[in-house]
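Below is a short report on one protein chain, written to be read beside its sequence and coordinates. Fold, confidence and surface are taken in turn.

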Amino acid sequence: MKLDTFVLILVCVIAGMVATFWLAAMLLAAFQVPFGALALLPAALVGYILYRVIAERVGNAEEDHYDGMNH
């Protein structure tokens, strides 16, 4: 990857982060959300991802190749 492409990607990512943080700060100031409630959003996202991963692993027949073995 060329250096100018890498720098362009880096600038776009940083600009997106700054815009996201600014928008979140404006929304939190407008609605006066308590700081502790902010921890619930990432926790809910992690919980949902864990649920989806576990549900996929349990429900996938291809992952059960050891179930038919006799010990």
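## Order of elements

Read from the N terminus, the elements of the protein follow the order α-α-α. The protein has three helices and zero strands. The model is a predicted one.

## Confidence

Across the protein the average pLDDT is 82, and 87% of the residues reach at least 70. Among the elements, helix 1 has the highest mean pLDDT, 88. The lowest mean, 72, belongs to helix 2, which covers residues 35-38.

## Helix 1

Helix 1 takes in residues 3-31. Its 29 residues, at 1.5 Å each, should span 42 Å.

After helix 1 comes Gln32, which has a positive phi, near 55°.

## Surface

The protein has 71 residues, and 1% of them count as buried. Its accessible surface is about 6700 Å², and carbon and sulfur atoms account for 73% of that area.

A nonpolar surface patch of about 1200 Å² is formed by Met1, Leu3, Phe6, Val7, Ile9, Leu10, Val11, Val13, Ile14, Met17, Val18 and Phe21. One of these patch residues, Leu3, is located in helix 1. Leu3 has a relative accessible area of 64%; the cut-off for exposed is over 50%, so Leu3 counts as exposed.

Note on methods: Residues are numbered from 1 along each chain as its sequence is written. This is a predicted model: local features need pLDDT of at least 70, side-chain atom pairs count only at pLDDT 80 or more; totals for chains, interfaces and linings use all residues. Side-chain values use heavy atoms; hydrogens and water are left out. Patches are made of residues with over 30% relative accessible area and no salt bridge: like charges are joined within 9 Å, nonpolar side chains (Val, Leu, Ile, Met, Phe, Trp, Tyr) within 5 Å. Accessible areas come from the Shrake-Rupley method with a 1.4 Å probe; for residues, only the protein chains shown count as cover. A salt bridge is a side-chain nitrogen of Lys or Arg within 4 Å of a carboxyl oxygen of Asp or Glu. Helices (H or I, at least four residues) and strands (E, at least two) are DSSP runs, numbered from the N terminus. Buried means under 20% relative accessible area, exposed over 50%, partly exposed in between (1.4 Å probe, protein chains only). pLDDT is the predictor's confidence in each residue, from 0 to 100. The expected span of a helix is 1.5 Å times one less than its number of residues.
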